[in-house]
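Trainee: I have a model open and want to go through some side chains. Can we start with the charged ones?

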Amino acid sequence: MTGNSIPENTMSQTAVSVWRNARVATLDPSMSGLGILEDGVIAVQDGRIVFVGAQTELPAEFGHTADSIDCKRRWITPALIDCHTHLVFGGNRAMEFEMRLNGASYEEIAKAGGGIVSSVRDTRALGEDELVAQALPRLDALLAEGVSTIEIKSGYGLDIETELKMLRVARKLGTLRPVHIVTSYLAAHATPSDYKGRNADYIADVVLPGMERGHADGLIDAVDGFCEGIAFSVEEMRTVFEKAKSLGLPVKLHAEQLSNLGGSQLAASYRALSADHLEYLDKAGAKALANAGTIAVLLPGAFYALRETQVPPVQALRDVCADIALATDCNPGTSPLTSLLLTMNMGATLFRLTVEECLTATTRNAAKALGLLPETGTLEVGKSANFAIWDIERPAELVYRIGFNPLHARIFKGRITS
């Protein structure tokens with residue numbers, strides 16, 4: 001690779017940090033595989049990458065910087081990105097997990113106050129500060145594994161005030177930790193009990209006006225929904241997407257998790273950022289996603305926790321060159337998972353993704369799933385200096401190990417944060 005750098009006459013006079021003596025997986029799409037530099041250097045100025053390349057190609061003006069960090073042959077990758085979470089919620093659902101293990105049925109759990117109803121109740125009951133306090137340990141667990149960017153959805157309010165409260169909490173988290181938080185408005189997650197059997201009324205009374213308010217308040221980065229027999233139909237989601245389109249908001253969709261309703265094709269028709277879950281995706285849906293540039297986000301944590309047997313059609317996605325991302329789907333009921341490293345291992349062992357696919361899925365493709373590829377997800381000149389330094393001998397260790405965190409340091413906007 002020929003090293004790239006920002007021309008000297010366009011740079012400010014602030015100090016440059018040089019991270020040298022490293023093996024670097026750039027994930028640069030112009031390079032093959034993981035875009036590996038065996039004797040790599042990254043130079044950072046004002047929180048952005050100003051050079052990435054081989055040591056021998058480091059521009060002279062960077063060669064004598066006072067801030068030079070010897071990485072001692074450690075590996076550097078782009079910081080990880082968790083592109084699908086429900087990180088903000090009240091309470092937990094350990095009780096229903098225990099009930100399920102003891103043989104309780106879905107109906108019995110629901111009658112005992114379990115299921116999404118319990119998460120809605122607990123989330124509505126808490127103030128913003130309490131929700132922040134409950135969410136911070138989950139956020140910190142992800143940051144400790146080299147994550148720099150996290151998507152957080154609403155969806156446990158199911159009324160306007162609580163949905164917006166969740167989004168404000170997500171924004172607050174981004175001020176309390178060195179992390180980039182992306183918000184998704186997921187009021188079309190389920191229908192609350194007082195609107196049972198009246199999805200259209202719920203959309204008209206809550207989802208659409210809540211979207212307008214959230215957008216006006218600057219709380220919404222994207223609009224999401226759950227297209228499924230137990231949630232919302234394709235036509236109902238179309239109403240939501242049309243409103244999002246009118247507001248200039250990108251969309252994404254929980255689709256084809258439990259059945260094939262054609263949600264992925266709906267998402268593709270709106271050039272959605274992503275379609276997520278996809279266990280029941282068919283070949284036509286896979287082709288539609290690929291043609292639209294919509295990222296297929298796979299969520300092995302939910303697959304595992306629900307003991308599903310329908311595996312997402314990974315080969316069909318490969319065949320049409322669709323981009324695949326992985327995410328934790330951190331949520332209280334079906335994926336109480338706060339480890340993106342474990343998610344990669346699950347993607348490999350449960351879905352048979354390769355090491356290269358898993359690492360691409362949690363960096364470059366995850367950035368695409370959030371519309372952030374121009375800013376992060378690869379190590380290229382001009383992008384935010386978000387990267388992770390690992391105590392490993394080869395990148396496969398990030399996917400291979402279970403319950404082991406080899407992070408040496410997390411760099412966010414050019415600063416060491418852990």
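Trainee: Is Arg 318 buried, partly exposed or exposed?
Mentor: Arg 318 is partly exposed, at a relative accessible area of 29%. Buried means under 20% relative accessible area, exposed over 50%, and partly exposed in between, with a 1.4 Å probe and protein chains only. This is a predicted model, where local features need pLDDT of at least 70, side-chain atom pairs count only at pLDDT 80 or more, and totals for chains, interfaces and linings use all residues. Residues are numbered from 1 along each chain as its sequence is written, and side-chain values use heavy atoms, with hydrogens and water left out.

Trainee: Which side chain does Arg 318 meet in a salt bridge?
Mentor: That of Glu 357, at 2.8 Å from N to O. A salt bridge here is a side-chain nitrogen of Lys or Arg within 4 Å of a carboxyl oxygen of Asp or Glu.

Trainee: What does that pair tie together?
Mentor: Glu 357 lies in helix H13 and Arg 318 in helix H11 (residues 314-319), so the pair ties together parts 39 residues apart in sequence. Helices are DSSP runs of H or I with at least four residues, numbered from the N terminus. Glu 357 is partly exposed, with a relative accessible area of 22%.

Trainee: How many salt bridges are there in the whole structure?
Mentor: A search finds 21. One of them joins Glu 96 and Arg 93, with the closest N and O atoms 3.1 Å apart. Glu 96 is buried at 6% relative accessible area, and Arg 93 counts as buried at 12%.

Trainee: And Glu 380, what is its salt-bridge partner?
Mentor: Lys 383, with 3.4 Å between the closest N and O atoms. Glu 380 is partly exposed at 22% relative accessible area, while Lys 383 is buried at 7%.

Trainee: Changing topic: where is Thr 362 found?
Mentor: Thr 362 sits in the loop between helix H13 (355-361) and helix H14 (364-369).

Trainee: Buried or exposed, that Thr 362?
Mentor: Buried, with a relative accessible area of 0%.

Trainee: Which residues is Thr 362 in contact with, leaving aside neighbours within four places in sequence?
Mentor: Ala 79, Leu 80, Ile 81, Leu 326, Leu 340 and Met 344. Contact means heavy atoms within 4.5 Å.

Trainee: What lies 3.1 Å from a polar atom of the Thr 362 side chain?
Mentor: The backbone oxygen of Cys 358.

Note on methods:
Helix = DSSP H or I, 4+ residues; strand = E, 2+ residues; numbered from the N terminus. Polar contact = N/O pair within 3.5 Å; in protein donor to acceptor, adjacent residues only side chain to side chain.
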